[in-house]
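My notes follow the structure.

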Amino acid sequence: MLKRLLRWNRTETGVPARCAECPLAACASGCRAAVLRMECDQAEAHRLRHMGLFEGSCVQVLDSRNGMLLEVKGSRLALGAALASSIKVLPLAS
């Protein structure tokens, strides 16, 4: 039964299916993603853009247990779960 459940979320090529667009909070540790848009309030988005997290930037999720720990342009950035949920990303192939 476990094999059937694991096979359920795979494409015909055997590669796990990815979402086309999802919240950053849904990404697991080790996932790389490109930021599509930020749906948080304007002041918060402005602050994040100054720290290197902007539309089109590539991020890697280092830890997703309590909020999100990201690597953005060589530096680490910690986000709360609510803020990470308001950022839409496109998961990239590893």
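I looked up strand β4 (residues 68–72) and found five bridges joining β4 to β5, the two running antiparallel. E71 has R76 in β5 as its bridge partner. Helices (H or I, at least four residues) and strands (E, at least two) are DSSP runs numbered from the N terminus. I then noted helix α2 (residues 42–50), which packs on the sheet and touches β2 (32–38), β5 and β6 (87–92); contact means heavy atoms within 4.5 Å.

I am working from a predicted model, where local features need pLDDT of at least 70, side-chain atom pairs count only at pLDDT 80 or more, and totals for chains, interfaces and linings use all residues. Residues are numbered from 1 along each chain as its sequence is written, and side-chain values use heavy atoms, with hydrogens and water left out.

Next I looked up salt bridges (a side-chain nitrogen of Lys or Arg within 4 Å of a carboxyl oxygen of Asp or Glu). The structure holds six. In one of them, K88 meets E39, with the closest N and O atoms 3.9 Å apart. K88 lies in strand β6 and E39 in the loop between β2 and α2, so the pair ties together parts 49 residues apart in sequence. I checked accessibility (buried is under 20% relative accessible area, exposed over 50%, partly exposed in between, with a 1.4 Å probe and protein chains only). K88 is buried at 16%, and E39 is partly exposed at 44%.

I also found R49 in a salt bridge with E55, the closest N and O atoms being 2.8 Å apart. Salt bridges with shared partners join E21, R37, E39 and K88 into one network.

Definitions and conventions. Two strands pair if DSSP finds at least two bridges between them. Axes are lines fitted to C-alpha atoms, for helices over the stretch in contact, and angles run from 0 to 180 degrees between N-to-C directions.
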